Amino acid sequence: MLRLPEATLVNKPVSKTTFYRHLDVNARLKARFVEDIDRILWLAKLAPSTLHVEDGKTVHEITVFHVTLKCEDVPDDVFLTIDKQMPRHILFVLQFEERYRLLLNYKEWIDESKGTFRIIRSFRTTWTDCEALQLTIEGANLDQVYESFAGQISGFGTTNAADTKRIIELQQQLAQKQQTVEVLQKKVRAEKQFNRQMQLNAEARNLKRELEMLQREIDKIKHTINNNQTF
């Protein structure tokens, strides 16, 4: 469905009980596997030996799982549990009925010797049909391939960790400040003293200017990326 190179294809069914045995899965998560997931297929192995690219400094293999779902909205913790504990980077191809989406839990090592990760952000595409599902393999090594996947699935268009993490950081700041603005606006509506209303409105205006600056920085990063890709 992703038109992956023939050499990368595995197409091997993986029993759900395999995850129960080898991962730290509690009773609630085990129930999610049983109730929400129909089957799991190890679709492909993206590695230096199969892609003919250099090994990465942090990414040594990207496992592609095709997961058929029993319901559309499976809780994120099912896939987060797999991603945090499996000692490799993972790309999920999710299927519900005749629709598909890509899920990548963008992550970095906590301790590579122990195979533990920290999830930075979960990226997913919208649901689409099989023919419209697209992902391009780009990069001379696996680090670059993984970063390219993150850029495509997130919609950021990024190709390196620095830009991706910077956009994530800016988006987090945006969300926090937006929440503060909304709280201030509620206080303004509830406040009876005019002077206090003016003070709260001034604080909200300052925060809105900061929101505009943050959004401009995000747009600038994306504009620079688009220009570089054009050339």
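Hi everyone. Before we start, one term: a residue is called buried when its relative accessible area is under 20%. Keep in mind, too, that this is a predicted model.

Let's begin with Phe-123. Its relative accessibility is 5%, so Phe-123 counts as buried.

Tyr-106 belongs to strand S5, residues 99–111, and Phe-123 to strand S6, residues 116–124, so to speak a link between distant parts of the chain, 17 residues apart.

There is another ring pair to look at. Trp-109 and Phe-117 are stacked, with 3.9 Å from centre to centre and 25° between the planes. Both Trp-109 and Phe-117 are buried. The count of aromatic pairs comes to 6, and ring pairs join Tyr-106, Phe-123, Tyr-146 and Phe-156 into a cluster.

Now over to the helices. The axes of H2, residues 27–36, and H4, residues 76–85, come within 10 Å and cross at roughly 110°. That makes H2 roughly perpendicular to H4. Which residues meet there? From H2 we have Arg-28, Leu-29, Arg-32 and Phe-33, and from H4 Asp-77, Val-78, Thr-81 and Ile-82. Sorted by type, the residues of this contact are 4 nonpolar, 1 polar and 3 charged.

Last stop: Thr-50, in helix H3, residues 48–51. Thr-50 counts as buried, at 13% relative accessibility. A polar atom of the Thr-50 side chain lies 3.0 Å from the backbone nitrogen of Ala-47. Leaving aside neighbours within four places in sequence, Thr-50 touches Ala-7, Thr-8 and Lys-45.

Methods:
Residues numbered from 1 in each chain as written. Predicted model: local features only at pLDDT ≥ 70, side-chain atom pairs only at ≥ 80, totals over all residues. Heavy atoms only, no water. Axes fitted to C-alpha atoms, helices over the stretch in contact; angles between N-to-C directions. Helix = DSSP H or I, 4+ residues; strand = E, 2+ residues; numbered from the N terminus. Parallel < 35°, antiparallel > 145°, perpendicular 65-115°, else oblique. Contact = heavy atoms within 4.5 Å. Nonpolar A, V, L, I, M, F, W, Y, C, P; charged D, E, K, R; others polar. Buried < 20%, exposed > 50% of the residue type's maximum accessible area, 1.4 Å probe, protein only. Polar contact = N/O pair within 3.5 Å; in protein donor to acceptor, adjacent residues only side chain to side chain. Phe/Tyr/Trp six-rings, centres within 6.5 Å; stacked < 30°, edge-to-face > 60°.
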